[in-house]
Amino acid sequence: MSGYHPDEITLMDYSAGSLSLAQSLAVAVHLFMCGQCRGQLEQLNALGGTLLAQSDPQAVEVQGFDDFMDTLDAKPEPQITTKVQSRLYNPLQNLLPDSFDAIPWRKQTKDIAEYDLTKQLAGQGVRVALQKIRAGAKVPPHSHRGQETTVILSGGFSDELGVYHKGDFVTRDASHRHTPTALQNEDCICLTVLDAPIYFVSGFYRLLNPFMRW
Amino acid sequence: MSAPGTRDQDTQKWVDLLHQVAHHRDREAFRQIYDHFAPRIKAYAMNQGVSQQADELVQEVMTSVWRSADKYADSLASVSTWIFTITRNQRIDLLRKAGRMQAEIKVETEELWQIPSEDNTVSSIQQLSAQRHLSKSISELPEEQMIAVKKVYYEGKTHQEVAAELNIPLGTLKGRLRLSMQKLRVMLEAKEL
Ligand SMILES: [Zn+2]
Ligand SMILES: [Zn+2]
């Protein structure tokens with residue numbers, strides 16, 4: 001079980017449905033791997049349910065019941081019976097090939113490859129990508145203009161603040177400068193959500209900053 | 001820990017009605033669910049900034065409740081929690097459709113926000129009895145925490161918006177939200193003993 005989780009306010013926003021789509025993807029991917037957060041989410045959903053049931057609709061007018069049933073009876077039953085899901089589901093399943101090896105990775109440096117998912121989520125003002133860092137390799141030291149959320153899908157990495165493994169949910173922001181380094185034994189594959197470009201903080205890589213746009 | 005069957009009457013009433021709908025397509029049972037929840041869903045939609053589509057949202061949600069009643073399992077969530085998750089997802093769907101540009105969106109809302117079901121839920125008896133006490137516990141929250149939680153859940157506002165509205169710094173709002181979660185957890189755990 002994973003050791004780093006979204007904080008409870010992030011889970012609360014997710015449960016309330018007010019977290020952005022890209023951030024919600026990151027949370028959903030973590031939930032797929034973390035029973036502890038699924039348990040917490042149940043409580044948060046129950047909070048939402050209780051607030052809904054307790055709310056006072058005052059003078060809100062709705063379509064009468066008989067009228068509603070007439071409309072419903074006239075609607076064709078949908079072909080794929082229901083939208084309601086029925087099993088623990090990996091939200092990346094439909095976005096990716098069956099194996100990480102089959103992903104059309106785009107090489108960025110000799111150690112880092114990327115697969116951009118931004119378009120598939122129609123995100124605006126965000127960047128969503130899978131990143132693969134070769135075992136033992138370093139991502140150049142950088143900081144962030146906004147928030148960077150990382151969920152580890154395979155392998156692990158360390159940075160100045162800790163060591164992270166499969167399933168972990170890690171957030172970094174403008175107050176952090178770090179040098180993520182993949183663990184030695186296997187490549188690290190993670191989902192990364194950025195709400196603003198990162199920028200490199202040292203040496204040669206700083207020259208790349210003007211190109212770190214979307 | 002309280003045994004199953006001690007859940008409060010109101011919670012059980014909705015479970016029984018929904019089972020009537022699932023197993024007997026009972027329209028009178030469904031009428032009671034509709035009469036209670038439809039206005040609340042509409043009020044939720046109006047608060048959530050989708051007032052234009054409030055009636056559409058009510059229709060979509062109540063249609064799902066009627067058609068998917070057999071997917072509901074009372075061991076996993078209360079009826080109001082189940083309906084809340086459906087309502088939240090349909091609201092997100094509406095907003096996604098409205099914002100959809102040329103780009104193709106390959107992830108369905110229900111892949112990102114799952115409805116409680118047999119295999120994605122961790123429910124233990126403990127959690128379920130906790131749910132039963134939730135409504136009482138919420139009413140025991142200090143008012144300022146209650147208001148913060150309600151605004152986040154019920155009005156779909158960002159933290160910045162809520163903080164501005166309450167005229168408090170962002171950090172104070174987050175503090176209140178955190179405290180409210182801690183309090184609820186402590187109250188729920190205390191009731192388990
Ligand atoms: Zn977790
Ligand atoms: Zn970073």
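## Close-up views of a predicted two-chain model

According to the UniProt annotation "domain: RNA polymerase sigma factor 70 region 4 type" (unreviewed entry), this domain covers residues 136–184 of chain B; UniProt positions are given in the numbering used here, feature names are shortened, and annotations may be inferred rather than shown by experiment. This is a predicted model, in which local features need pLDDT of at least 70, side-chain atom pairs count only at pLDDT 80 or more, and totals for chains, interfaces and linings use all residues. Residues are numbered from 1 along each chain as its sequence is written, chains are lettered from A and ligands numbered from 1 in the order in which they are written, and side-chain values use heavy atoms, with hydrogens and water left out.

**View 1. The annotated stretch of chain B is 80% helix and 0% strand.** Helices (H or I, at least four residues) and strands (E, at least two) are DSSP runs, numbered from the N terminus. The end C-alpha atoms of residues 136–184 of chain B are 10 Å apart. Of the 193 residues in chain B, 53% are buried (buried means under 20% relative accessible area, exposed over 50%, partly exposed in between, with a 1.4 Å probe and protein chains only). Take the contacts in chain B with a separation of 6 or more (contact means heavy atoms within 4.5 Å): residues 24 or more positions apart account for 65% of them.

**View 2. Helix H7 of chain B covers residues 143–154.** Its twelve residues reach 15 Å from the first C-alpha to the last, close to the 16 Å expected at 1.5 Å a residue (the expected span is 1.5 Å times one less than the number of residues). An α-helix has 3.6 residues a turn, so residues three or four places apart point the same way. The buried residues of H7(B) include Gln145(B), Ala148(B), Val149(B) and Val152(B); Lys151(B), Tyr153(B) and Tyr154(B) are also on that list. After H7(B) comes Gly156(B), with a positive phi near 55°.

**View 3. Arg25(B) and Asn167(B) have positive phi values without being glycines.** Most residues other than glycine have a negative phi, and most peptide bonds are trans. For Arg25(B), phi is near 45°, and the residue is found in the loop between helix H1 (9–24) and helix H2 (27–47) of chain B. With a relative accessible area of 36%, Arg25(B) is partly exposed. For Asn167(B), phi is about 60°, and its place is in the loop between helix H8 (159–166) and helix H9 (170–192) of chain B. Asn167(B) counts as exposed, at 70% relative accessibility.

**View 4. Thr50 of chain A touches residues of chain B.** Thr50(A) is found in helix H3 (residues 35–54) of chain A. Leaving aside residues up to four places away in sequence, Thr50(A) touches Ser80(B), Leu134(B), Ser135(B) and Ile138(B). At 10% relative accessibility, Thr50(A) counts as buried.

**View 5. Chain A supplies the protein donors of the zinc ion (ligand 2).** Donors are N, O and S atoms within 2.8 Å of the metal (3.2 Å for Na, K and Ca); water is not among the atoms, so sites may look incomplete. In sequence, the donor residues are spaced H-x1-H-x3-E-x29-H. His142(A) lies in strand E4 (residues 142–144) and His178(A) in strand E9 (residues 177–178), so the pair ties together parts of chain A that are 36 residues apart in sequence. Both His142(A) and His178(A) are buried.

**View 6. Three strands of chain A form an open antiparallel sheet in the order E7-E6-E10.** Strands E7 (162–165) and E10 (181–182) of chain A stand at the edges, each with a single partner strand, so one side of each is left without a neighbour in the sheet. Two strands pair if DSSP finds at least two bridges between them. Strand E6 (residues 156–159) of chain A is joined to E7(A) by four bridges, and Ser158(A) has Val163(A) in E7(A) as its bridge partner.

**View 7. Cys34 and Cys37 of chain A are buried.** Relative accessibility is 0% for Cys34(A) and 1% for Cys37(A). A search of the whole structure finds zero disulfides over all chains, a disulfide being a pair of cysteine sulfur atoms within 2.5 Å.
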